[in-house]
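User: Could you walk me through how to read a few features of this model? I would like the general idea, then the case at hand.

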Amino acid sequence: MARVLIVGGFLALLFWVFSIVDCAVQPAARHRGVPKGAWIAIVVLMPVLGGILWFALGRKRRSGQEGMHLVAPDDDPEFLRTLGKSEQDERIARLEEELARLDDETDGPAPDARP
């Protein structure tokens with residue numbers, strides 16, 4: 001029984017420290033309800049209960065837009081649907097011309113081969 005209490009106390013201490021650190025490093029805009037300092041005080045003064053309250057009520061979740069990564073127009077299906085077939089063909093032709101021009105620039109003159 002003593003081992004269970006020791007392990008439980010150790011896990012509660014780890015959760016308490018993690019809650020304090022998480023609350024302290026979050027930007028103020030991600031705190032709900034009360035200011036950041038009040039949340040830190042709640043978590044510090046009520047070790048396990050304060051951490052549970054912090055994760056359940058105080059911490060704002062990321063909105064869907066913050067978690068999204070940017071997509072290049074060529075990879076965005078919504079953007080590609082807005083283009084007409086002729087616009088896509090023109091765009092492909094321009095990109096092929098640019099690629100050919102870049103290939104010509106990087107090739108340069110061939111070195112002289114001496115026998």
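User: What share of the residues in the protein is buried?

Analyst: Buried means under 20% relative accessible area, exposed means over 50%, and partly exposed is in between (1.4 Å probe, protein chains only). Here, buried residues account for 12% of the 115 residues. This is a predicted model, in which local features need pLDDT of at least 70 and side-chain atom pairs count only at pLDDT 80 or more, while totals for chains, interfaces and linings use all residues. Residues are numbered from 1 along each chain as its sequence is written, and side-chain values use heavy atoms, with hydrogens and water left out.

User: How many helices and strands are there?

Analyst: Both are DSSP runs numbered from the N terminus: helices are H or I with at least four residues, strands are E with at least two. The protein has 6 helices and 0 strands, giving the pattern α-α-α-α-α-α along the sequence.

User: Which residues make up the largest nonpolar core?

Analyst: A nonpolar core is a set of buried Ala, Val, Leu, Ile, Met, Phe, Trp, Tyr and Cys residues joined through side-chain atoms within 4.5 Å. The largest one has 5 residues: C23, W39, V43, W54 and F55. Helices α2 (36-45) and α3 are the elements that give two or more residues to this core. Leaving aside residues up to four places away in sequence, V43 touches W16, S19, I20, G50, G51 and W54, where a contact means heavy atoms within 4.5 Å.

User: And how do I read aromatic pairs?

Analyst: A pair of aromatic rings is described by the distance of the centres and the angle of the planes. Rings of Phe, Tyr and Trp (its six-membered ring) pair if their centres lie within 6.5 Å; planes under 30 degrees apart are stacked, over 60 edge-to-face, and the rest tilted. The structure holds 3 such pairs. In one of them, the rings of F15 and F55 have centres 5.9 Å apart and planes at 40°, so this pair is tilted. F15 sits in helix α1 (residues 2-25) and F55 in helix α3 (residues 47-58), 40 residues apart.

User: Is F15 buried, exposed or partly exposed?

Analyst: F15 is partly exposed, at 28% relative accessibility. F18 and F55 also pair, and these rings are stacked, with 5.8 Å from centre to centre and 10° between the planes. F18 lies in helix α1 and F55 in helix α3, so the pair ties together parts 37 residues apart in sequence. F15, F18 and F55 form one aromatic cluster.
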